[in-house]
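Please read these notes with the model open beside you.

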Amino acid sequence: MDSRRILLISHEMTPSGAPFALFYLGSWLQRNGWRPLVAAPEHGPISDLLKNAGVRVEIDPALLIDPEREKLRALCRESDVVVANTITSWPAIEAAHGENVPLIWYLHETLVAVRFIKQISQVRDALQIAQLIVVPTRQTARILAGASRTRVEVVPYGIPEPENVAPETNGASLSFVALGSFEPRKGQDVLVEAIGKLDRTTQTKASFKLAGRILDRLFFEEVRRHSLQLENVELIEALEHDEALWLLSAAHALICPSRDETMPISIIEAASLGKAVISVDVGGIGEWIHDDLNGLLVAPENPGELADAIARCARDCSFVRQLGVAARRTFERHFTIDRFATRFAALLEEVSQPRARRPVSAQSNYERWVAAFDNASATHRINLRRRVRRLQRQPLISILLPVYNPDLGLLEAAIDSVRAQIYERWELCIADDASTIPEVHPFLEQIARSDSRIKLILRKENRHISACSNSALALATGEWCALLDQDDAFAENALAFVALEIAAHSDAGLIYSDEDKIDHHRARSNPFFKTDWNPQLFLGQNYINHLGVYRTSLLREIGGFREGYEGSQDYDLALRCVEKLQPDQVRHIPRILYHWRMAEGSLAAVPNAKPYAKEAARRAIADHLKRRGVKARVVPCPENPESHRVIYEVPDPAPLVSIIIPTRDNVALLERCIKSVRERTDYPRVEIIIVDNGSTETKTREFLRALKEEKIARVLRDDGPFNFSRLSNRGSAEATGAILAFMNDDVEADERGWLKEMVSQVARPEVGAVGARLLYPNGTLQHGGVIVGLGGVAGVAYHAIPRGHPGYFNRAWLQQNYSAVTAACMLVRKSVFEGAGRFDEVNLGISFNDVDFCLELRKRGLQIVWTPYANLIHRESSSRGHPSTLAQQQQFFREATYMQQKWGAELLCDPFYSPNFSLHWPGFDFAYPPRWKNCGEAESTTAGNGIAPAHSSPWPVFV
């Protein structure tokens, strides 16, 4: 980032939410090499803080009221980007627009903004001419989106870690604090009325302090008059910010009784201090505070409900501490200063570009992500060169470039991308396959003369790309070979990151990276953010592809490229290489290091441009399976003939499968489930075990009795409290099958081959557990595999996409490895289940037990497989429902906390989910910032950070 001049304009410098947000942003920009200038009509505490932080401040009383806007225009002309802070700063929008300076309108108001839009025509006009509107909550974004054509971005607030805080008050009473200016919209009158409704015992166990500036003297005096009738209520005027933080840190909980808020900074400050929060559900507060989980939410202007929430906290100090711990986690995940400021800085960078366009598509979102995290600055290049120079060994990397009748402009661009590499220990091995275009040979010979690192062989006979690639391989003297197509390009940092990966994993044999596509205008699109080594997915698609880097000795050991597999020669090469390697020797760099050009006739532009490629691919996969001694056949993927399906043989004789179904008083669901298993299953050997968790309904008991008498199923009785882990373990202990099938009673078979497919997978020795594709009755996807960390602990992939939707790069159609699958329909060998310790009955009785079990299997080196070729209907949570009562929600919270404590950082870096994707529900959107450092990168070269939108449902929750 070069030193851009950023003009930040605010109508006030008082210690309230919007000016504080400006202070945090301005001081962060100052520390990180930008040149911020803050302009305001008057001095105040915030301008003093800015000056102390080294930020230049300009004060002009006429700044926003001068009809000629002379001062504003002069400041805009000196700036690269203008940020107008709050709705009242609309004159700055007019001035910046008049001077043709890029501008962002940073709006914090919700209801106030609506009033301004209705009453002031200039505000309505300004909404249309701003290049970008930034708001802190989705609620505000929804309101403003209806009033403006301008793009609205949500950037939640962020604050620094608290310093010099007071110790929490000790004693028998619980201390509450409310921070906010005294004015009707802040609702202190509602809070005082709620305190008056507390019973005498609760009032004596609690103390209350209400602190803030007095903006409405009459309102303040009315609040004071009522508070004097109450014990333990103190009103504090005109507190400095440091004093307010001290007051908050000494309290046990924050109360926010406002009638109108967007997202109070005080709530974020309370979360940073690990304080419980009681708040009215207004504005965007409910986007981050989830009732009973990381705070308590009450209806606006409802003193009775607010009193109940206060009383609940006063009765249970441990519950208050629990809320505080969860609030602190919310702060760490979403409200740090770096997340906020780097996200905002990325938007400043975007609008400052000369040809910045309003993103309206996934493509433009990718452009924005690239600008923030994949557009190397001079500083990034210097840092990367330093890291490379510090390497003890710098291996020579040979780049294999087969050529035949190329577009010379594109070929030159490909070669230029090699010459531009930050890592300079490379050699380029070019083999021409007897091109017939006369200009090609002279061009190549000139290129070879221009750099001693470029080698050239001109083949006399055209024998296609495999033979040509082998000729290039014969020229290679490097320890490693990287593959490059004649019309593609390397990212400038490609070989540098490869060299760093080689240094970090000296026994690696194959390294691959992420890739995207590039057109004739150098516009990048369609990023392919890949998983780490995923052997099952690799049999469905060649996701390794580009950039692929191979140890040279390995390539020579397997005989190089095989002729007869043209169109999929790289796929065949990789399949033969991985047979020689252990899983941890196949390394993935989650960076875009290769640009695949969308040229005419290229697979990058049109999937069926080379129809022979898919047939060659299936022959390569079949050969691979045969060499490994795997009994299976390869057929086209039913939903996408360009991809592949491997059908494994079921062992002969077929092992007995014990289907274990916990149930309680759900006779209609259970009957449908068992009927589907018996009538829509073509697997020959099945036993059904029902674990009845204390059913009391007559119909249920009669149905279970009939199942036993007709020897359709065995029925085990367990009258204990509901504990899925215990019930499933009880069923497994009684099972006689070599394979256990855990199934919910609200699941139904949808096609006859489901169990045969799952058995064929789980019977393989390298597989620990297998999950099915579960669909809702309306045909949308319920379970497409489980991503750990998504939504907080774990979430399902591709939730609610319609049937037939491919998911990300066709993954919803393909067999693949995941970190976990749901036990709503999961198969596992009984010996494996018992060896891994079964489901955790003690800590995970209801939620996440299947995820925890799968992670335990992966620790033991076993694969978790999800297959879309076993399709069942799942009426999710029809049996138990989602957690709704307080006790259920508290248990969910305890189990989520246990998972986070047990698995820790592993929840941040699922190997089968790219760190370039957000962990916000529902997933597969861009991460701000990418989790490169969390997922194994030794030293990140970007300071990028930011916030993705909050998810809309508390299941799963952010905790």
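1. Confidence. This is a predicted model. The protein chain has a mean pLDDT of 88, and 92% of its residues reach 70 or more. Among the elements of the chain, strand 17 (residues 480-483) has the highest mean pLDDT, at 98, while helix 5 (residues 111-119) has the lowest, at 71.

2. Over residues 601-609 pLDDT stays under 50, and the model has 16 contacts for them beyond four places in sequence. Residues 938-959 also stay under 50, with 81 such contacts in the model. Where pLDDT is low, the predicted coordinates should not be read in detail.

3. Strand 6 (residues 132-135) pairs with strand 7 in the parallel sense over 3 bridges. Within this pairing, Val134 stands opposite Glu153 of strand 7.

4. Strand 25. Is strand 25 mostly covered or mostly exposed? Strand 25 (residues 657-663) is mostly covered, as 7 of its 7 residues are buried. In a regular strand the side chains alternate between the two faces of the sheet. Here both faces are covered: Val657, Ile659, Ile661 and Thr663 are buried on one side, and Ser658, Ile660 and Pro662 on the other.

5. Neighbours of strand 25. Strand 25 runs parallel to strand 26 (residues 686-692) and is joined to it by 7 bridges. Ile659 has Ile688 as its bridge partner in strand 26. Together with helix 26 (residues 667-679), these two strands make a right-handed β-α-β unit. Strand 25 also pairs with strand 28 (residues 739-743), in the parallel sense and over 4 bridges. In that pairing Ser658 stands opposite Leu740.

6. Arg858. This residue lies in helix 31 (residues 849-859). Arg858 has a relative accessible area of 30%, which means that it is partly exposed. Beyond its neighbours within four places in sequence, Arg858 is in contact with Tyr818, Ser819, Ile864, Pro911 and Phe912. Tyr818 is 40 residues away along the chain, and its C-alpha atom is separated from that of Arg858 by 9.8 Å.

7. Aromatic pairs. The structure holds 38 aromatic pairs. In one of them, the ring centres of Phe182 and Phe220 are 4.8 Å apart and the planes stand at 80°, so the pair is edge-to-face. Phe182 is in the loop between strand 8 (174-179) and helix 8 (188-196), and Phe220 is in helix 10 (residues 217-227), so the pair ties together parts 38 residues apart in sequence. Both Phe182 and Phe220 are buried.

8. A second pair. Phe529 and Phe926 also form an edge-to-face pair, with 6.1 Å from centre to centre and 85° between the planes. Phe529 lies in the loop between strand 20 (524-528) and helix 22 (535-538), and Phe926 in the segment after helix 32 (886-903), so this pair ties together parts that are 397 residues apart in sequence. Phe529 and Phe926 are both buried.

Key
Residues numbered from 1 in each chain as written. Heavy atoms only, no water. Buried < 20%, exposed > 50% of the residue type's maximum accessible area, 1.4 Å probe, protein only. Pairing = 2+ DSSP bridges. Right-handed = clockwise from strand over helix to strand, strands pointing away. pLDDT = per-residue confidence, 0-100. Contact = heavy atoms within 4.5 Å. Phe/Tyr/Trp six-rings, centres within 6.5 Å; stacked < 30°, edge-to-face > 60°.
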